[in-house]
Amino acid sequence: MSMIGLRFTPPDASYDGFRFRLARTLVLVFAFFATIFFIKHVLVFRSDHTVSMLPEPFRVIANYLVAYYFLTFAGAVEFFLILAGFGAVFWLNLPKQYFAGRYVDYGKERATPEAKSVTLFLVLTALSLILISVPFLTLHFPTWLSALMKYGPVAVAILQYLAVMPQTDGIERTAAIDKLGWDMRSFDSTHRSTPNPAVTKELKACSALLSPSDPDAARRFLMQGSTTVIWSGMAALFRNLEAFLGVSAELITLHDSAAQALAFALGELLDARGAQPTVILTTDAEHRSVRHVLEQRLQPLYRYRIETVALQKLLWTNVSAGEIVDTLVEACREKKADIAVLSHVFPDTGIVLDLKGLIDTARRENLGTLFAFDGSEAVGNVTVGDDAFSRSAYYAFHGHGWLLGSPSIGILVRNDWLLRVAGGVSQAVAVPRSFSSLRQAVSSDVPPAFEGSSPSFALNYVLMQEWLPVGVENATLQTNKLANLFRDEMQRRGIRTLGISRESSAVVITDIPQPEAMQHALQLKRLDCRIVTANLEGGQAASGIRFSFHHYHSDDDVRDLAELVGNINAEAIRSRPAPEAQLRLVERSFTKSV
């Protein structure tokens with residue numbers, strides 16, 4: 001039985017535990033009353049010590065119950081109160097809503113299926129016994145004593161439950177602050193378990209307004225929007241991005257993806273440099289799309305040398321943020337880098353680069369390096385403000401992932417002043433590609449097709465309905481708090497996490513026995529997470545599981561996840577053979593063979 005893991009009683013510190021304890025108390029008390037009334041109204045004890053039954057006792061009892069509940073006012077009121085009370089407690093779960101803010105563990109649904117089946121059986125049994133006992137309590141006892149017997153067991157069960165719950169007056173609870181009802185099972189910044197129904201509804205409505213048979217009407221809708229949907233045109237999208245990012249819409253361009261935004265930015269810089277020899281610095285910790293842009297898309301068109309800094313080994317060994325900055329500054333100095341293409345938050349490990357410290361140090365040493373950042377893992381994860389936009393030449397990111405939009409649209413913030421002063425770019429280059437202008441695309445450049453426009457519709461929708469009402473600062477503070485809670489829970493369970501910085505809302509656990517098996521176990525629970533790997537120096541391979549926390553999560557979601565991860569890890573450690581046992585087995589085999 002223990003091997004199978006059956007458990008017929010739910011945990012006390014759960015709402016199923018409350019229902020189980022309440023139903024069990026009601027069954028015990030009213031089963032006693034029903035037994036007494038059964039003996040009194042069904043059985044006859046004779047003087048010769050024989051027992052017989054009264055004539056048609058069950059018909060008499062049934063008629064009495066029907067008459068009490070349906071022919072008397074007091075009985076009808078009690079019948080309604082009994083059904084309403086059971087519905088509120090065992091079906092609508094109203095006490096759960098009341099106590100959720102007072103107890104840490106209240107409301108966690110961790111009961112096994114067999115425990116829930118036992119609870120259901122007890123609830124139905126308690127309801128039947130109460131309906132039988134209440135009329136007889138009224139018949140045989142005074143009003144005050146009858147009321148005490150009817151409502152006393154309920155009060156006892158509730159007080160008994162409250163006694164086992166921990167008070168949390170001094171504990172701050174973190175509730176989800178989302179507006180659109182996201183899937184709480186998604187702990188991956190690039191994937192959602194199920195599409196958000198609100199976003200899907202907006203996209204379907206916009207698709208219906210983009211008629212292929214009327215390109216002019218479709219183009220008008222793209223530029224001006226409609227009162228029947230949230231979309232109000234391209235200019236409105238740029239205004240929403242301006243309010244969200246805190247930068248002028250004149251500095252923003254839209255592209256097909258973050259990778260294309262970076263390609264556009266680097267192409268502009270390389271065009272301005274002309275025939276000058278150029279060195280572009282990057283690291284081995286960037287997203288593969290960045291390497292693809294540098295090696296496959298741009299290098300056939302421009303002449304430059306790529307220098308790659310070995311940064312993965314530092315990220316996976318928990319070095320300080322200052323050491324990462326020193327390594328990059330030293331590489332810029334040694335390689336004489338003209339352009340550096342780096343991630344603000346490294347995609348696999350979730351470690352945040354000290355962007356301000358890096359650029360300020362490079363300027364103090366007069367290195368002359370221009371920095372272009374991939375912020376796809378940063379915007380919506382950490383606070384991105386003037387320190388990033390005013391110090392970098394370009395800052396690119398996409399509209400899905402952390403921003404919760406649909407793949408894929410790229411957003412580029414262009415630092416006109418810095419490019420003019422340090423990069424030799426007098427003005428932005430006019431780009432014939434659609435969705436790439438300095439402020440908003442003119443109607444002639446916008447393709448009247450839903451496939452190319454749906455990412456813009458989705459981004460605009462989540463900006464207006466989610467990010468602007470919630471506030472990017474509130475969202476990033478929320479996610480950071482949840483990530484730190486998860487780190488603390490992992491540390492308490494002896495599981496190592498990457499990064500000594502506590503800024504990022506992405507957490508990678510590593511040095512776990514079977515990461516693939518753990519991910520599979522989590523996927524069976526329909527929880528989204530991601531395996532990350534790295535090839536370190538000396539042929540060493542590193543792996544871990546990455547979890548991304550969003551503002552639609554609560555601290556209960558994080559604690560539940562941490563408990564599940566801890567249990568899976570503990571089971572994996574227990575199932576792993578001990579090195580000593582393996583050694584003794586080898587020695588016995590070797591001795592026998594001799």
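Analyst: Four strands form an open sheet in the order S10-S11-S13-S12, with antiparallel pairing. Strands here are DSSP E runs of at least two residues, and helices are H or I runs of at least four, both numbered from the N terminus; two strands pair if DSSP finds at least two bridges between them. This is a predicted model, in which local features need pLDDT of at least 70 and side-chain atom pairs count only at pLDDT 80 or more, while totals for chains, interfaces and linings use all residues. Residues are numbered from 1 along each chain as its sequence is written, and side-chain values use heavy atoms, with hydrogens and water left out.

The edges of the sheet are strand S10 (496–497) and strand S12 (530–535), each of which pairs on one side only. S12 is joined to strand S13 (residues 541–548) by six bridges in the antiparallel sense. Among these residues, Arg 530 has Arg 546 of S13 as its bridge partner.

Helix H19 (residues 515–524) lies across strand S11 (506–510), S12 and S13, and runs at about 20° to S13. Contact means heavy atoms within 4.5 Å; axes are lines fitted to C-alpha atoms, for helices over the stretch in contact, with angles from 0 to 180 degrees between N-to-C directions.

A search of the whole structure finds zero disulfides, a disulfide being a pair of cysteine sulfur atoms within 2.5 Å.
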